[in-house]
Amino acid sequence: MADSDQFGALSRAAQRRAQAERVGDLAPQEGVDIIRPVERAILIAVRFTDGTDADVSSSLDELELLVDTAGGTAVERFTQRREQPDPATFIGRGKVAELRDLVRETAVDTVIFDHELTPAQQRNLEAALATKVLDRTIVIMDIFAQHASSREGRLQVELAQLTYLLSRLRGWGQALSRQAGGIGTRGPGESQLEVDRRRINRRISKLRSELDGARQTRALKTRRRERNQVPVVALVGYTNAGKSTLLNRLTGASVGVADRLFATLDVTARRFELTDGRIAIATDTVGFIQNLPTQLVEAFKSTLEQTLDAELLLHVCDAGHPMVDDQIRAVDAVLDTIGAGALPQVLVLNKTDVTDDATVARLARAHGGAVAVSARDGAGIDDLVAAVTARLASARRVVEALVPYDHAELVALAHRDGTVLKEEHRPEGTYVLAQVAGGAAAALEPFALLSQWSPDDLTD
Ligand SMILES: Nc1nc2c(ncn2[C@@H]2O[C@H](COP(=O)(O)OP(=O)(O)OP(=O)(O)O)[C@@H](O)[C@H]2O)c(=O)[nH]1
Ligand SMILES: [Mg+2]
């Protein structure tokens with residue numbers, strides 16, 4: 001058990017459990033219970049040539065937190081150095097034997113890999129170890145399944161799980177045909193798989209169309225209408241960085257806050273007042289994590305898309321976290337994946353009440369324009385609101401207005417301070433569609449029409 005010594009005792013999870021509110025009712029939820037909560041587990045990580053011991057150790061810390069959040073307990077860690085994964089068992093044959101002994105010795109129910117396993121690897125390992133074998137993706141999906149509370153959230157989780165399951169079934173199918181080959185390949189096993197596959201595909205189509213419906217309704221209701229009037233600021237960031245706490249602090253909302261991963265899975269939007277007295281909307285949404293499973297990114301598209309609607313992103317990070325730099329990079333990577341990488345961003349260095357000053361100063365130097373705050377005790381929040389106000393004032397928005405002829409100076413302002421995309425002289429006044437900064441947008445606001453346009457329509 002030298003490996004576990006290498007990374008220290010499992011004290012963090014133990015401490016957490018002592019004070020934690022438990023994940024609550026672990027009873028399976030209807031529709032989303034495909035993967036059951038894990039119990040006592042051994043965690044496995046491989047250190048590849050390009051990684052360091054510290055990387056592996058902190059990734060395992062995170063996996064341990066994930067397992068803990070999912071309702072399991074990590075009792076042991078096990079690592080191996082390899083150039084690349086073994087195609088059959090991920091870790092080497094010798095290590096599998098060692099691991100089997102450890103499984104017996106510690107009487108665990110589950111072995112969890114900090115990597116994504118192929119269906120074949122998972123199957124081979126389960127056979128060799130005579131225990132359940134999971135990977136990081138399954139654990140994250142399981143947490144999402146347990147935390148999803150809105151109807152839309154549950155549909156999205158189910159979609160992610162089924163897509164994942166389907167990719168596994170495909171793997172099985174291929175493996176079976178390769179194994180058997182030739183005569184008698186289409187045994188009962190495979191036709192059952194065909195049936196399962198068809199059923200899953202049907203359910204996936206149904207979920208997709210339901211989610212599309214919800215998305216369209218929302219788009220009609222809020223998106224275009226709000227856009228012209230009230231700027232939207234989206235809180236994004238690594239899970240557990242303090243996004244919900246910051247939303248509550250900024251807007252007086254009372255969104256649930258918890259010291260666990262993926263506490264928030266839905267979108268909350270609340271108004272707050274800017275320094276210049278104008279109103280903005282802040283949104284809080286699902287957090288990101290290193291290697292967020294692609295199935296989840298895909299399924300949570302409609303939730304994540306609401307982030308794309310923002311004028312400005314507040315990227316919240318836990319400044320005191322040992323892996324803060326990696327977490328900031330991971331969030332930027334997910335933002336790129338969902339097409340939000342180019343949106344203007346203010347980095348918020350949160351939890352400064354428990355972070356040493358040198359670290360805060362280093363991060364502030366590394367990220368120009370970053371604002372240090374404590375969402376918990378309120379320090380720096382005024383500075384943050386001032387920074388948001390300034391950034392919004394310089395951010396350009398698309399405004400559509402019908403300006404009476406006795407206010408012709410506003411049309412001139414739009415030409416001077418912005419880009420006029422369309423202009424027409426109508427009986428009631430001058431119709432303008434323009435991309436303007438905050439000051440001019442505010443001046444035009446009294447004459448704004450409900451816009452049918454959004455910057456997304458103006459890509460050419
Ligand atoms: N010390 C300190 N703790 C904070 C601060 N802000 C948030 N926290 C704590 O950090 C934990 C996570 O906070 P949340 O607001 O739930 O974080 P989140 O980013 O919304 O997390 P998810 O929704 O799970 O992705 C909670 O225990 C908070 O009380 C802060 O400024 N200082
Ligand atoms: Mg949250």
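The following conversation concerns a predicted model of a protein chain with a ligand.

Student: How many helices and strands does the protein chain have?

Tutor: The protein chain has 16 helices and 13 strands.

Student: And what percentage of its residues count as buried?

Tutor: Of the 460 residues in the protein chain, 37% count as buried. As for contacts with a separation of 6 or more, 70% of them join residues 24 or more positions apart.

Student: Turning to the ligand, which residues are the closest to ligand 1?

Tutor: Gly-242, Ser-244, Asp-259, Thr-264 and Gly-287 are the closest, out of 23 residues that surround ligand 1.

Student: Which helix gives the most to that shell?

Tutor: Helix H9, spanning residues 243-251, gives the most, with three residues.

Student: How does the shell around ligand 1 divide by class?

Tutor: The shell has ten polar, eight nonpolar and five charged residues.

Student: Now the sheet of four strands: what is the strand order?

Tutor: The order is E2-E1-E3-E4, in an open sheet with parallel pairing. Strand E2 (73-81) and strand E4 (132-135) each have a single partner strand and stand at the edges, so one side of each is left without a neighbour in the sheet. From one strand to the next, the twist averages 25°.

Student: Over how many bridges do E3 and E4 pair?

Tutor: Strand E3, residues 110-113, pairs with E4 over four bridges in the parallel sense. Within this pair, Thr-110 stands opposite Lys-132 in E4.

Student: Which strands does helix H3 touch?

Tutor: Helix H3 (residues 53-69) packs on the sheet and touches strand E1 (40-47), E2 and E3. The direction of H3 makes about 155° with that of E1. Helix H5 (residues 119-129) also packs on the sheet, where it touches E3 and E4, and its direction makes about 145° with that of E4.

Student: What about the largest nonpolar core: which residues have the most contacts inside it?

Tutor: They are Val-111, Ile-112, Phe-144, Cys-317, Val-348 and Leu-349, in a core of 91 residues. Helix H6 (residues 136-147) supplies the largest share of this core, seven residues.

Student: With which residues is Phe-144 in contact, leaving aside its neighbours within four places in sequence?

Tutor: Phe-144 is in contact with Val-157, Ala-160, Phe-262, Leu-265 and Leu-296.

Student: And what does the second, separate core include?

Tutor: That core has 14 residues, among them Val-398, Leu-433, Val-436 and Ala-441.

Note on methods. Residues numbered from 1 in each chain as written. Chains lettered and ligands numbered in written order. Predicted model: local features only at pLDDT ≥ 70, side-chain atom pairs only at ≥ 80, totals over all residues. Helix = DSSP H or I, 4+ residues; strand = E, 2+ residues; numbered from the N terminus. Buried ≥ 20, exposed ≤ 12 C-beta atoms within 10 Å, placed from the backbone. Contact = placed C-beta atoms within 7 Å. Near = placed C-beta within 6 Å. Nonpolar A, V, L, I, M, F, W, Y, C, P; charged D, E, K, R; others polar. Pairing = 2+ DSSP bridges. Axes fitted to C-alpha atoms, helices over the stretch in contact; angles between N-to-C directions. Core = buried A, V, L, I, M, F, W, Y, C linked by C-beta atoms within 7 Å.
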